Amino acid sequence: MKIEKIETYILSDKLKKSFFFSQWEYSERCICIVKVTASNGTHGWGEGYGPANVLEAGIKHIAPMVIGQNPLENEVIWNIMYRKTLDFSRRGILMASVSAIDIAIWDLKGKILGLPISTLLGGAHRTKIKPYATGLYFTDHNDFSKGFEEEAKLYVSKGFKAIKMKVGLGIEEDINNVKLIRKTIGNDIELMVDSNHAYTLREALELSRAIEKFDIKWFEEPISPEYYEQYYELRQKTNIPIASGECEYLRFGFQQLIKNKSVDIIQPDICACGGLTEAKRIASIASTNGVDLIPHTWGTAIALHAALHFISNIESVPGRLYQPEFLIEYDQTENGLRDRLTYPKIEMKNGMIDLPSRAGLGMDVNEDILKEYTASTEILKFTK
């Protein structure tokens with residue numbers, strides 16, 4: 001059996017209402033997904049994190065290395081992709097293209113063998129995973145807290161036990177917004193903040209000290225991801241755990257975060273850091289160094305399913321009376337690509353999401369919905 005065909009789809013979804021955070025504004029969702037088909041007709045789906053058109057170009061560059069390979073030998077394929085792009089792909093979008101293909105091959109392999117990815121990874125330590133709502137973006141340039149109370153109450157009513165909000169547009173504004181959300185959701189709901197690396201070290205420290213009293217579970221990307229030593233300094237001066245990693249790639253990048261003691265929590269994005277194959281290695285490094293891991297997740301339900309399987313496999317302590325909760329990021333902003341593209345739907349019950357039990361990722365793409373959102377497609381076939 002060989003990989004015979006690789007198809008890329010650039011999907012576009014114009015938002016009814018734009019939203020923004022500390023760096024830029026979203027008015028449209030544009031995502032690149034990939035379909036990898038074997039010679040027996042079985043297919044798998046993957047997704048990359050980053051600019052869709054650039055991701056597609058990367059996949060087109062990598063595809064000839066993958067077509068003709070045995071889909072069951074996913075680590076061999078990963079190594080071929082990595083080694084043949086090493087000179088120019090240690091970080092960035094091309095590694096996200098590798099990630100998209102890698103996820104699709106895991107899905108394909110699972111479907112060929114009739115096994116869920118969690119089993120292929122070595123087994124599920126947990127079958128229920130706690131989602132946290134990512135939301136509370138800014139929607140009004142003149143009133144940064146507009147709609148925050150209603151949105152936070154909505155997440156609580158849905159059953160979320162943890163919520164992540166945006167900060168980064170100004171320290172005084174951030175303090176007021178954090179205070180507002182903590183008052184709105186009460187003390188029993190976990191609250192995290194994310195500035196998307198908006199601040200300098202001095203500013204991040206000032207904000208951290210001001211919001212410590214609001215029981216913040218973590219401060220995500222307080223400063224630019226290049227400043228490993230400044231992250232360490234910030235950690236020493238605040239009681240809030242520091243999280244980062246969505247801008248890191250490969251186990252080598254995360255080794256830098258860990259070696260410099262930059263963070264309490266690493267956040268690899270499976271659709272960018274090297275796929276499920278490399279995320280498994282990153283998890284081993286985290287475990288070796290006693291660092292928590294909570295993946296960054298953004299995009300369609302393909303990414304969500306990959307994260308669910310990955311998180312289920314993160315090691316736990318057998319027989320331990322208290323088992324720590326493992327969180328998955330569950331974006332709640334408007335996203336038809338996440339909500340409509342795949343089936344069966346992801347459902348949260350009693351504040352938890354069940355691990356998919358079907359083969360591969362445990363989902364498939366609705367081809368009619370795919371056509372509805374497809375802006376462009378590219379097909380590469382096995383011609384040897």
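In this predicted model, the side chains of Asp-364 and Lys-111 form a salt bridge, with an N to O distance of 3.9 Å. Asp-364 belongs to strand E15 (residues 364-365) and Lys-111 to helix H3 (residues 93-113), so the contact ties together parts that are 253 residues apart in sequence. Asp-364 has a relative accessible area of 14% and is buried, because the cut-off for that class is under 20%. Lys-111, at 22% relative accessibility, counts as partly exposed. Side chains of opposite charge can pair when their charged atoms come close.

A second salt bridge joins the side chains of Lys-164 and Glu-220, at 2.9 Å from N to O. Lys-164 sits in strand E5 (residues 162-166) and Glu-220 in strand E7 (residues 216-220), so this pair connects parts that are 56 residues apart in sequence. Lys-164 and Glu-220 are both buried. The two residues also belong to a network of salt bridges, in which Lys-164, Lys-166, Asp-194, Glu-220 and Glu-329 are linked.

Arg-251 and Glu-278 make a further salt bridge, with their closest N and O atoms 2.8 Å apart. This pair links distant parts of the chain: Arg-251 is in helix H9 and Glu-278 in helix H10 (residues 275-289), 27 residues apart. Arg-251 is partly exposed, with a relative accessible area of 24%. Glu-278 is buried, at 0% relative accessibility.

The UniProt record, an unreviewed entry, places the feature "domain: Mandelate racemase/muconate lactonizing enzyme C-terminal" at residues 145-241. In the model, this span is 48% helix and 15% strand. Its end C-alpha atoms lie 24 Å apart.

Helix H8 covers residues 228-237. Tyr-228, Tyr-231 and Leu-234 of this helix are buried. The three residues cover an arc of only 120° around the axis, which puts them on the same side of H8. The spacing fits a general rule. An α-helix has 3.6 residues a turn, so residues three or four places apart point the same way.

Methods:
Residues numbered from 1 in each chain as written. Predicted model: local features only at pLDDT ≥ 70, side-chain atom pairs only at ≥ 80, totals over all residues. Heavy atoms only, no water. UniProt positions renumbered as here; feature names shortened; annotations may be inferred. Helix = DSSP H or I, 4+ residues; strand = E, 2+ residues; numbered from the N terminus. Buried < 20%, exposed > 50% of the residue type's maximum accessible area, 1.4 Å probe, protein only. Arc of directions from axis to C-beta. Salt bridge = Lys/Arg side-chain N within 4 Å of Asp/Glu carboxyl O.
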